Amino acid sequence: MRGGAQPQLMRCDDDGYYVVKFLENPQHPRVLANEWVAWQLASKLGLPVPHAARVEVPEALVERSEDLVIQLARSRKKLRGGAYFGSRYPGHPAETAVYDFLPDELLAEVENLEDFVGMLVFDKWTCNTNGRQAIFYRPHGGSRYQTLMIDQGFCFNAGEWDFPDAPLRGLYARVRVYQSVTGMESFETWLHRLERDINEKVMDEILSRTPPEWYNFDHAALYQLLERLLDRRRRVRDLLVAAKDTYRQPFPNWK
Ligand SMILES: Nc1ncnc2c1ncn2[C@@H]1O[C@H](COP(=O)(O)OP(=O)(O)OP(=O)(O)O)[C@@H](O)[C@H]1O
Ligand SMILES: [Mg+2]
């Protein structure tokens with residue numbers, strides 16, 4: 001696949017296809033932990049994220065596959081067998097076309113376009129230091145597009161886990177997706193879910209379910225990350241207002 005982490009599309013034994021990110025990726029090993037933690041949190045909030053899985057890549061497959069490498073500037077790094085993060089492809093790649101971008105005219109026709117509003121709450125909360133990324137596809141050849149939110153690798157500021165909030169971070173490149181925002185009340189459903197659905201118990205589950213090799217067995221660091229997330233929920237309103245006041249004017253209909 002395209003992308004800085006150099007992920008690979010792999011068919012798995014549940015007959016699903018997954019976009020797999022490896023620990024040896026050029027971004028940071030913690031990108032896998034970030035994807036996993038963010039997937040669990042976003043799912044809890046009812047945001048449209050692809051199903052995720054821990055994908056076991058056999059050593060024998062890596063040995064036999066010339067393409068299972070990380071391309072460096074002047075060399076190739078051979079991957080190793082192991083368990084890696086997989087993000088499920090919606091449907092079969094030969095049948096379902098997936099797009100990284102849609103022109104504004106087609107964006108207007110995306111069935112769940114308003115989920116971008118919820119995802120902004122999420123990206124502000126988790127301090128996603130990349131722009132928001134999404135994919136678009138038409139389920140079962142239907143006429144309307146659906147969007148799924150992908151690439152949570154730079155939530156918590158990639159490998160840093162330090163939350164350097166900044167007004168433009170986490171926004172989607174096309175402000176068309178925020179056209180329904182008319183004020184803070186447009187975010188309230190999501191802010192409410194953040195309070196209602198995220199708690200210590202959810203964080204404990206995440207702590208116990210995240211494969212430790214994805215965060216270098218640094219249990220204390222992950223614990224602290226999750227604690228800070230619980231705490232940061234009350235900052236999200238201010239972060240949204242800061243985004244509103246930027247030159248990008250992401251919310252043209254905010255009165
Ligand atoms: N679940 C998925 N289903 C279909 N395609 C996907 C899925 N996840 C990722 N992709 C595709 O793979 C590409 C790379 O994925 P992703 O953006 O997560 O990787 P990345 O290496 O972190 O990228 P970046 O360079 O933006 O940091 C995406 O642009 C998208 O086209
Ligand atoms: Mg990406």
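Modeller: Before we start, helices (H or I, at least four residues) and strands (E, at least two) are DSSP runs, numbered from the N terminus, and the expected span of a helix is 1.5 Å times one less than its number of residues. This is a predicted model, in which local features need pLDDT of at least 70 and side-chain atom pairs count only at pLDDT 80 or more, while totals for chains, interfaces and linings use all residues. Residues are numbered from 1 along each chain as its sequence is written, and chains are lettered from A and ligands numbered from 1 in the order in which they are written.

Colleague: OK, how far does helix 7 reach from its first C-alpha to its last?

Modeller: Helix 7, residues 219-232, has 14 residues and reaches 20 Å, which is close to the 20 Å expected at 1.5 Å a residue.

Colleague: And which residues of helix 7 are buried?

Modeller: They are Leu222, Leu225, Leu226 and Leu229, where buried stands for 20 or more other C-beta atoms within 10 Å of a residue's own, exposed for 12 or fewer, and partly exposed for anything in between, with C-beta atoms placed from the backbone.

Colleague: Why would residues three or four places apart point the same way?

Modeller: An α-helix has 3.6 residues a turn, so residues with that spacing point the same way.

Colleague: What does the buried side of helix 7 pack against, and what is on the face turned away?

Modeller: The buried residues of helix 7 pack against helix 1 (30-44) and helix 6 (200-209), with contact taken as C-beta atoms, placed from the backbone, within 7 Å. The face turned away from the buried side carries the exposed residues Ala220, Gln224, Glu227 and Asp231. Glutamate 227 is 27 residues from glutamate 200 in sequence and 8.3 Å from it in space, C-alpha to C-alpha; glutamate 200 has its place in helix 6 and counts as exposed, with 10 C-beta neighbours inside 10 Å.

Colleague: Switching to helix 8, which residues are buried there?

Modeller: In helix 8 (residues 236-244) they are Val236, Leu239, Leu240 and Ala243. They cover an arc of only 100° around the axis, which puts them on the same side of helix 8, and they pack against helix 4 (115-125) and helix 5 (188-197). Asp238 and Val241 are the exposed residues on the face turned away.

Colleague: Which residues touch the most other members of the largest nonpolar core?

Modeller: Of its 61 residues, those are Leu32, Trp36, Ala42, Tyr84 and Val121, and helix 1 gives the most to this core, with nine residues. A nonpolar core is a set of buried Ala, Val, Leu, Ile, Met, Phe, Trp, Tyr and Cys residues joined through C-beta atoms within 7 Å. Leaving out residues up to four places away in sequence, valine 121 touches Phe187, Trp190, Leu191, Leu194 and Val236.

Notes:
Two residues are in contact if their C-beta atoms, placed from the backbone, lie within 7 Å. The arc is that of the directions from the helix axis to the C-beta atoms.
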